[in-house]
Amino acid sequence: YYSNQFTAQSAQVRVRFGAGLRRSLGEELERGGFEKALLLTTSFQSDLLAEFEGYCGGRCAGSFSKAEMHTPVAISEEAADYARACDADVVIAIGGGSTTGLAKAIALRTGLPQIILPTTYAGSEATPVLGQTENGLKTTLSSPKVQPGTILYDPELITGLPLPMTVTSALNAMAHAVEGLYARDRSPIASLMAVEGLRAFQSALPRVLADPRDLTARGETLYGAWLCGTVLGQVGMALHHKLCHTLGGSFGVPHAETHAVILPHAVAFNAPAAQEALRPLTDLMGHDNPGLGLWHFAQSLGAPMALRDLGLAESDLDRAADLSVANPYWNPRSFTRDEIRALLQPAWEGRPPA
Ligand code: NAD
């Protein structure tokens with residue numbers, strides 16, 4: 001992966017892996033000198049709070065369980081006010097990208113440090129990126145202020161992730177690594193992490209599907225999520241992420257599912273312009289066309305394969321293509337609006353990439 005010109009920047013992050021690690025949360029608080037933790041979840045995962053208050057061992061100042069998809073600003077401000085009111089000195093997020101997003105939004109507003117216990121593979125915990133929404137508009141910022149300082153990966157927390165979400169969330173994570181491979185600002189180290197992250201998912205996902213409570217396999221997928229998320233935090237994303245952001249932002253199709261459907265099509269489109277960079281993926285998928293290889297891999301996992309099944313109307317495809325070429329992200333292959341429209345058709349129908 002060596003190339004003679006690159007810039008690599010890594011964040012100072014403490015990362016721990018281990019089954020049952022959540023039970024040492026009290027030690028982590030003590031280590032950081034924290035006395036007043038604020039626990040965060042979505043309303044859907046609020047039943048975890050009592051257990052985690054116990055782990056804090058008297059160092060819990062409060063809990064807030066209103067984390068939501070796309071980090072609405074009104075909720076972030078309410079949560080930041082609450083953090084100030086209970087005089088919190090650290091925020092602890094237990095959940096997926098939405099709950100991590102809320103921790104980051106509080107950190108941005110208050111400067112509080114964060115401890116994240118991920119329960120999906122989205123990877124937000126490993127990035128300095130925060131997307132926020134207000135009045136239907138999503139804005140994204142990147143700042144060391146929002147980069148979580150501690151991540152505790154406990155595979156026991158993810159054994160209950162339902163299988164359909166397991167598959168889509170994993171493909172969401174793999175998309176970060178795939179686009180990291182051909183990123184304009186890729187570095188040898190980011191590429192190594194991308195390849196290892198992809199390998200971990202490819203190896204462990206079939207074992208997770210066979211036994212969702214297999215802690216070794218679940219641990220390996222979390223390891224993959226960490227690597228793929230770290231890549232996302234270090235290098236720029238391209239066409240695939242632009243398409244997913246457009247579809248999620250303007251048509252409300254669900255985040256991880258959209259990644260799962262689009263990835264094989266975006267890769268098949270980019271492959272001719274990024275053959276060398278994609279070589280590790282091509283080898284891993286065992287198919288000359290890495291997009292087609294990914295399509296068969298996703299199908300073997302029972303992933304959603306068609307945008308039509310995610311609630312997108314065929315008549316939305318024209319506008320989706322228009323929006324995707326407005327303010328495009330850098331991409332290894334240049335494209336026209338009509339090429340994007342052509343890419344979206346088989347993705348909508350659930351056919352393999354052309
Ligand atoms: P999510 O956090 O929105 O979770 C979806 C639902 O599943 C929620 O109701 C959640 O409570 C529930 N859930 C999570 N883990 C579970 C588990 N183990 N068992 C049962 N239910 C569980 O979904 P996500 O895909 O993790 O995150 C998506 C959000 O994260 C999007 O808003 C996306 O933009 C953002 N994101 C941001 C970054 C970044 O770097 N800033 C990276 C990736 C994703």
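This note describes the overall build, the annotated regions and some local features of one predicted chain.

1. Basis of the model. The structure is predicted; local features need pLDDT of at least 70 and side-chain atom pairs count only at pLDDT 80 or more, while totals for chains, interfaces and linings use all residues. Residues are numbered from 1 along each chain as its sequence is written.

2. Overall form. The chain has 354 residues and a radius of gyration of 20 Å, which agrees with the value near 20 Å for a compact globule of that length (taken over C-alpha atoms, with the rule 2.2 Å times the number of residues to the power 0.38). Its C-alpha trace spans about 60 × 40 × 40 Å along the principal axes.

3. Among contacts with a separation of 6 or more, 75% join residues 24 or more positions apart (a contact requires C-beta atoms, placed from the backbone, within 7 Å).

4. Annotated regions. The chain has 13 helices and eight strands (DSSP runs, H or I of at least four residues for helices and E of at least two for strands, numbered from the N terminus). An unreviewed UniProt entry lists "domain: Alcohol dehydrogenase iron-type/glycerol dehydrogenase GldA" at residues 14-155, a stretch with 30% helix and 32% strand. The annotation "domain: Fe-containing alcohol dehydrogenase-like C-terminal", also from an unreviewed UniProt entry, covers residues 166-347, where the chain is 69% helix and 0% strand. UniProt positions follow the numbering used here, feature names are shortened, and annotations may be inferred rather than shown by experiment.

5. A helix pair. Helix α1 (residues 25-32) packs against helix α2 (residues 49-56) at about 50 degrees, with the axes 7 Å apart (axes are lines fitted to C-alpha atoms, for helices over the stretch in contact, and angles run from 0 to 180 degrees between N-to-C directions). This angle makes α1 oblique to α2 (under 35 degrees is roughly parallel, over 145 roughly antiparallel, 65 to 115 roughly perpendicular, and the rest oblique). L25, G26 and L29 of α1 meet F52, Y55 and C56 of α2.

6. Positive phi values. T71, in the loop between β3 (60-67) and α3 (73-85), has phi near 45 degrees, although T71 is not a glycine. T71 is buried, with 24 other C-beta atoms within 10 Å. D87, also not a glycine, has a positive phi of about 60 degrees and is found in the loop between α3 and β4 (90-95). D87 counts as exposed, with 11 C-beta neighbours inside 10 Å.

Technical notes:
Contact = placed C-beta atoms within 7 Å. Buried ≥ 20, exposed ≤ 12 C-beta atoms within 10 Å, placed from the backbone.
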